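Please work through the following exercises with the sequence and the structure at hand. Each task is followed by a solution in steps.

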Amino acid sequence: TLLAALILLAAGCRKEVPVSGQFVYGSVTATVTVAARDAGQIQAVMDATRSTSMRVLRSLDANDSKSDISRLNKIAATSRWPVPQDTFRALDLALHYGEQTDGAFDITTGPLASMWGLPTGPAPREAPLPEILEVARQGAGLDQVRLTDDGAIAFLSPLTRLDLGEMTPAYALDMSLVNIRRRGITNTLARFNGSLRALGAE
């Protein structure tokens, strides 16, 4: 009787281990975790995270020649260009963050940053020529980008180029959790390229 009681006590005290899954997209690694009692939902969580995040990354990646951002960088300086709703929402949010940070977060500074080897390239051996820097500055600034109520975007300078940078994987993760919540999944921990989001309390 004592042995049976000890076995039951040990079983009751055993810590349930969360279940995780992982996938890689380019240089980005995503990890999702659910509580042990929701282990049967891990595949649904993985599918929701993968499908949503890949869709967002493909549309917002400035280094992908087929992305919405790359098309904008080629066309928006010559005309107003309608963009898909998801991309428009991300750009609207990026401009909002720029305003809230007084321009500290600026999605138009990519060409300037690249001249200094940012974010991942090698630093130049010598500082860029002042006239080259001045040309790049002419296209920078949140005031060079206009979003319209009908879902279109235009650049006020032909030198403006957009790059959402680290906001891209973070936004992809946010949209993934929206998708997960819509599927009725209430407890998830998701990591995506340095960003972390939690849904639920377990």
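**Exercise 1.** Determine how many of the 7 residues of strand E2 (residues 28-34) are buried.

*Solution.* Step 1: residues count as buried under 20% relative accessible area, as exposed over 50%, and as partly exposed in between (1.4 Å probe, protein chains only). Step 2: in E2, 6 of the 7 residues are buried, so this strand is largely enclosed by the rest of the structure.

The model is predicted: local features need pLDDT of at least 70, side-chain atom pairs count only at pLDDT 80 or more, and totals for chains, interfaces and linings use all residues. Residues are numbered from 1 along each chain as its sequence is written, and side-chain values use heavy atoms, with hydrogens and water left out.

**Exercise 2.** Describe how E2 pairs with strand E1 (residues 19-25) and with strand E6 (residues 188-192).

*Solution.* Step 1: helices (H or I, at least four residues) and strands (E, at least two) are DSSP runs, numbered from the N terminus; two strands pair if DSSP finds at least two bridges between them. Step 2: E1 and E2 run antiparallel and are joined by 7 bridges, with glycine 21 opposite valine 32. Step 3: these two strands form a hairpin with 2 residues between them, and glycine 26 in the turn has a positive phi of about 65 degrees. Step 4: E2 and E6 are also antiparallel, over 4 bridges; here threonine 33 faces leucine 189.

**Exercise 3.** State the strand order of the open sheet of 4 strands, and explain which strands stand at the edges.

*Solution.* Step 1: the order is E1-E2-E6-E7, with antiparallel pairing. Step 2: E1 and strand E7 (195-199) each have a single partner strand and stand at the edges, so one side of each lacks a neighbour in the sheet.

**Exercise 4.** Identify what lies across the strands of this sheet.

*Solution.* Step 1: contact means heavy atoms within 4.5 Å; axes are lines fitted to C-alpha atoms, for helices over the stretch in contact, and angles run from 0 to 180 degrees between N-to-C directions. Step 2: helix H2 (residues 42-60) lies across E1, E2 and E6, at about 25 degrees to E1. Step 3: helix H7 (residues 167-182) lies across E6 and E7, at about 15 degrees to E7.
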